[in-house]
Amino acid sequence: MVQQEMFQKSDGLDQTVVSEAEIELAVERKIEHEKAGDVDPESGEYLDEIYDIVDAVVPRTDDPTIPAFTFRVILLGLGFNVLLACVNTLFMFRTNSFSLNPFIGVLLAYPLGIFMSWVLPTTKFFGGMTLNPGKFNHKEHALIFVACSCAASPAYALYNIIGQKYQLYQTDLTTAACVFFGIVTQCFGYGLAGLCRRYLVRPAAMLWPGNLSTIALLNSLHDTGSSNEGGSLKLSRFSFFWIVTGVAFVWEFLPLFLMPVLVSIAFLCYVSPSLPSTSAEKPSYTAKVLRGLGSAQPNGGLGFLAFSFDWSVVGGQAPITTPLWALLNQFLGVWVMLYVVVPLVWVNNGFGKDFEMGTNPLDGPNGTGRFPLGFALNTPALFDDNGTYIASRTLVDKATLRLKEATYASKAPVRISAYFAIEYLASFIVFISALVHVGLWYGADIWRRFRTAMRDLDTSDIHAKMMDVYPDVPDLWYIILLAVNLVVGIVVCQWGGFDLPWWGVILGLLLAVVSIIPIGTIQAISGQQIGLNVMSEFLIGLILPGRIAAVMSFKTLSYMSMYQGLLLVADLKLGHYLKIPPRAMFTVQLVGTILAVVINVLFSFNIYESFGRSDKDEFIVPKDPSSGKIWKLQSAEPPAGWSAANFNVFLNAGAIWGAIGPARFFGPGSPYVATLWGFLVGAIAPLVPYFMHKLQPDGFWHLVNVPIIAVFPVQVGAFRSDMIMPLVIGVVVNYFIKKHHHAWWKKYAYVMSAAFDSGTAIAVTITFFAFTFNNNYQIIMPFSKVHFSDGEGCAPDYFLTCKGNNDYGSAFGKTYDIAQDPFCNGINFGGDAA
């Protein structure tokens, strides 16, 4: 999560006639021609290339009489908005990131829209309104997509809210305050998006390449297309979608329930020396290193040579919808960082005591089992100077949400795993390298297009002229929206329990205000977005050290105001291309965003509070104050995949940047001061491929993207068995199938990805509520060679036996007392991971 926030790419799905890679090559050729004097950047030819790209998928025609904001849009758009908001909120608690794509709503809405056009009455009422204005059209479909996209990414504020209300036990944080905080963080950016639309939406120079694939998909659904489309397979996209969804649904029951070893097949664990068979023995150095490299479990190892056949793990890397050049860059960086840099740092104690983290017996396989391998590597946990686990909340005073100075002094310096430290190093590299990379490759182009855009504001291009037919949204509406959100944000953050003073709210929003146009211009031209999270944490952590809630709130407010604003700008550009009436777009975006936030907050509370048990410490606010509780899923068997890893990472990041503060944690004398060299590396590394491309213009250097290489999108604390299969799938689909069966690839590849997501999501949801939801009656398969109690069989044999006895003995409504087991007595399973 740390790195993925830092550097975002638009959804260039590489699925249409125009891919991001082709756009980048076109831009590079344009720049080279200009430098050679072949093109006058001030002439009309400059915009011609943009029109060539856009014209491939966007028609230069419009029929203003086509109805857009209809009853079908309201019913289907809000219906899928609610569905995606609920399902993706639930999936936030998954160990690995996984979510339903808004294109699923697009695919499902298509037959439903057609069906409604057949059966709904056409009777007019209230001055011409009707439930059925005729044929289901692409403008309605586009608005449904926008409603879905508003809910596809749950409110980032949930990490903040769950962290404070449950993980830090802030019992006075009201539901109303949480809802309004979520709305402010999502909707302030919308006000910014509206006011920036004349700079980031109307000019033809503002391309927003990610929208082209969306338009192509809508076109493919609403146009008949060639009879040869799809090659020899004549199935419609919709039929193909449902067949693949069914296959994926059935398959997912294997890794999710019947054969959980398919989640992580850890090859190195099976060939490494045996671990001790009793808790009295210690593992050999070789066994420890090989298990650390090979295990892929959360709180385990790095997943080297580990495979997964679970799409809920593999699909998080988006192997089909990510352009192959980007996937290769991404995995090159991940493999170097994860399989070279992290192991070298770990075994050589690069940050002082990395090999000792998590080795306290109380935290190991013969203690709580928090670190079943007997050491900590793939974990976001905090440790004291001796390598003993620290619950981050113990560093924070519950009443004041301030750092407990005495407690911190007794633990200092607080340490993290080598994996987590390298993740921060990578985030520093990404921020600077993104600036340098964009400046080198796109700087001149961005400047020329920005100047062209400024000149183009009044002259307008053909699409802008066609949009002028529709009544525009007055700037006053957006100004009112900004003012209301500012006032509500100050009230909620100052007095609602988020510990951020009024000036902090203004500062956070100003950071978004001054960033949105330059960063939005970069994204509109290059498809690449630079995140504000690290800089916002650095800034507020220096200003308000020791205040974890204030730092988390500032980060959420500033980062999401800009990020959400640019998401909404992208949707405004989609509406611009498809000639969606601006006021209809305004209504759908605003209602969809607010509805999704309310559902996100309330549904997350319901999910979180549904899991508790009274025999452990108070991980969630107990309904019965006399009994402490933890979230049940935190201690569920690993294959269940519900460790809430991202919430734990966010909380521990809050402790690092907020409670401890960047001056202490990364400053002089800190074990992690060396990570700051990442800024220098980020400034220098992008120069290499740029100048090598100048020397070898026909080589591959233009495909080397340092920010993508450094982005390191593999969240610490998640399953790391997702490092091989996504690349295999990406190469097979986007190279071999694309090259040898292009018609099939063009018609079905993205639909197949959406179907995998849908079938998996249905299976995950059913297994969750059928087998895991009922705290008093968990259902699991017997443990065997295809169902290890740690998920993959990397832990010591005695741990696998005892955890198996504990988990199976506690399932099916039974009660298991491990103290009565002479072989396992003394082991205390279920330590929380936060």
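Reader: How many salt bridges does the structure hold?

Author: The structure holds 13 salt bridges, a salt bridge being a side-chain nitrogen of Lys or Arg within 4 Å of a carboxyl oxygen of Asp or Glu. This is a predicted model, in which local features need pLDDT of at least 70 and side-chain atom pairs count only at pLDDT 80 or more, while totals for chains, interfaces and linings use all residues. Residues are numbered from 1 along each chain as its sequence is written, and side-chain values use heavy atoms, with hydrogens and water left out.

Reader: Which residue does Arg202 pair with in a salt bridge?

Author: Its partner is Asp468, and the closest N and O atoms are 3.1 Å apart. Arg202 lies in the loop between helix 9 (197-200) and helix 10 (210-222), and Asp468 in the loop between helix 18 (462-467) and helix 19 (475-495), so the pair ties together parts that are 266 residues apart in sequence. Helices here are DSSP runs of H or I with at least four residues, and strands are runs of E with at least two, numbered from the N terminus.

Reader: Arg202: buried, partly exposed or exposed?

Author: Arg202 counts as partly exposed because its relative accessibility is 24%; buried means under 20% relative accessible area, exposed over 50%, and partly exposed in between (1.4 Å probe, protein chains only). Asp468 is also partly exposed, at 46%.

Reader: And what does Asp499 form with Arg547?

Author: Asp499 and Arg547 form a salt bridge with the closest N and O atoms 3.2 Å apart. Asp499 is in the loop between helix 19 and helix 20 (502-526), and Arg547 in the loop between helix 21 (533-543) and helix 22 (548-578), so the pair ties together parts that are 48 residues apart in sequence. Asp499 is buried at 17% relative accessibility, and Arg547 is buried at 18%.

Reader: Which residues are linked in a network of salt bridges?

Author: Arg197, Asp472 and Asp475 are linked in such a network. Another salt bridge joins Arg720 to Asp722, with the closest N and O atoms 2.8 Å apart; Arg720 and Asp722 are both buried.

Reader: Turning to confidence, what pLDDT does the chain average?

Author: The chain averages a pLDDT of 80, and 83% of the residues score at least 70; pLDDT is the predictor's confidence in each residue, from 0 to 100. Over residues 6-46 the pLDDT is below 50, although this stretch has 108 contacts in the model beyond near neighbours in sequence, where contact means heavy atoms within 4.5 Å. Residues 224-228 also have a pLDDT below 50, with three contacts beyond near neighbours in sequence. Where pLDDT is low, the predicted coordinates should not be read in detail.

Reader: Where is Ser117 placed, and what is it in contact with?

Author: Ser117 is in helix 5 (residues 102-119) and is buried, with a relative accessible area of 18%. Leaving aside neighbours within four places in sequence, Ser117 is in contact with Arg72, Asn132, Gly134 and Phe136.

Reader: How far apart are Pro323 and Gly730 in space?

Author: Their C-alpha atoms are 8.4 Å apart, while the two residues are 407 residues apart in sequence. Pro323 lies in the loop between helix 14 (311-314) and helix 15 (324-347), and counts as buried because its relative accessibility is 5%.

Reader: Finally, how many helices and strands are in the chain?

Author: There are 31 helices and nine strands. Of the 834 residues of the chain, 62% count as buried.
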